[in-house]
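Reader: I have a structure open and would like to go through it with you, one question at a time. Could you help me read it?

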Amino acid sequence: MSQTREFSERLRASGIRPSAQRIAVYSCLYGQRNHPTAEMIYRTLAPDYPMLSRTTVYNTLKLFLAEGVIQPVLIEDGEMRFDADLRRHGHCKCRKCGAVYDLFFPEETALPEPANGFRVEETHLYYRGLCADCAAE
């Protein structure tokens, strides 16, 4: 099965009509593991999709978030990045080069249970520091 068809079916299964622009945005998120911002996605896709607008990218990301197709990465104030990998994981951001990496931990790792019947809907785990390349400099 082609990747375009696979992404189209994923979107459709989430109740999203898979237009060419939506598939392109999802493909960009899935293919680039750098957790891009909306602007990064726009700049990546604009050369191949000249009719694509920033508004379309922002609206598509808003729809994807609402339907649970992607998750936000809010590791830095004022900068929202996006991740198509919905598995439970955290993120590391290098304070020098700005790269964002996935941090996977065993699925059986216990997280603290909130008190008073609080129902958790999102969990975010972030580390900030230096990536291996920047630490070696």
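Reader: How do the residues of the lining of the largest cavity divide into nonpolar, polar and charged?
Author: Happy to start there, with the reminder that this is a predicted model. The lining of the largest cavity is made up of Leu-29, Gln-32, Arg-33, His-35, Pro-36, Phe-82, Asp-83 and Ala-84. Sorted by class, they come to four nonpolar, two polar and two charged.

Reader: What volume does the largest cavity have?
Author: The structure holds one cavity of 30 Å³ or more. The volume of the largest cavity is about 40 Å³.

Reader: Let's turn to the overall layout. What pattern does the protein follow along the sequence?
Author: Good idea to step back for a moment. The secondary structure comes to five helices and five strands, and the C-alpha trace spans about 45 × 45 × 30 Å along its principal axes. Read along the sequence, the pattern is α-α-α-α-β-β-β-β-β-α.

Reader: Among contacts between residues at least 6 apart in sequence, what percentage join residues at least 24 apart?
Author: For background, the protein has 137 residues, and buried residues make up 32% of them. Among contacts between residues at least 6 apart in sequence, the share that joins residues at least 24 apart is 43%.

Reader: Which element gives the largest share of the largest nonpolar core?
Author: The largest nonpolar core has 21 residues, and those with the most contacts inside it are Leu-61 and Ile-70. Two or more residues of this core come from each of helix H1 (3-13), helix H2 (20-31), H3 and H4. The largest share, six residues, comes from H2.

Reader: Leaving aside neighbours within four places in sequence, which residues is Ile-70 in contact with?
Author: Ile-70 is one of the residues with the most contacts inside the largest nonpolar core. With neighbours within four places in sequence left aside, the contacts of Ile-70 are Tyr-26, Leu-29, Leu-61, Phe-64, Leu-65, Phe-82, Asp-83, Ala-84 and Leu-86.

Reader: How many Å apart in space are Leu-11 and Pro-36?
Author: Pro-36 is one of the residues that line the largest cavity, while Leu-11 sits in helix H1. In sequence, Leu-11 and Pro-36 are 25 residues apart, and in space, C-alpha to C-alpha, their separation is 19 Å.

Reader: On to charges. How many salt bridges does the structure hold?
Author: Side chains of opposite charge can pair when their charged atoms come close. In this structure, the number of salt bridges is eight.

Reader: Which parts does the pair of Arg-54 and Glu-39 tie together?
Author: The closest N and O atoms of Arg-54 and Glu-39 are 2.9 Å apart, and the two form a salt bridge. Arg-54 lies in helix H4 (residues 54-66) and Glu-39 in helix H3, so the pair ties together parts that are 15 residues apart in sequence: H4 and H3.

Reader: Where do Arg-43 and Glu-39 lie?
Author: Arg-43 forms a salt bridge with Glu-39, with 3.5 Å between the closest N and O atoms. Arg-43 is exposed at a relative accessible area of 52%, whereas Glu-39 counts as partly exposed at 23%. The two are four residues apart, about one turn of the helix, and both lie in helix H3 (residues 38-45).

Reader: Which strands do Lys-93 and Glu-79 link?
Author: Lys-93 and Glu-79 meet through their side chains in a salt bridge of 2.8 Å, N to O. This pair links distant parts of the chain, 14 residues apart: Lys-93 in strand S3 (residues 90-94) and Glu-79 in strand S2 (residues 79-83).

Note on methods
Residues numbered from 1 in each chain as written. Predicted model: local features only at pLDDT ≥ 70, side-chain atom pairs only at ≥ 80, totals over all residues. Heavy atoms only, no water. Salt bridge = Lys/Arg side-chain N within 4 Å of Asp/Glu carboxyl O. Buried < 20%, exposed > 50% of the residue type's maximum accessible area, 1.4 Å probe, protein only. Core = buried A, V, L, I, M, F, W, Y, C linked by side-chain atoms within 4.5 Å. Contact = heavy atoms within 4.5 Å. 1 Å grid on protein atoms, 1.4 Å probe; cavity = no way out; pocket = protein on both sides within 12 Å on 5 of 7 lines; lining within 4 Å. Points joined across faces, edges and corners; volume = space filled by probe spheres on them. Nonpolar A, V, L, I, M, F, W, Y, C, P; charged D, E, K, R; others polar.
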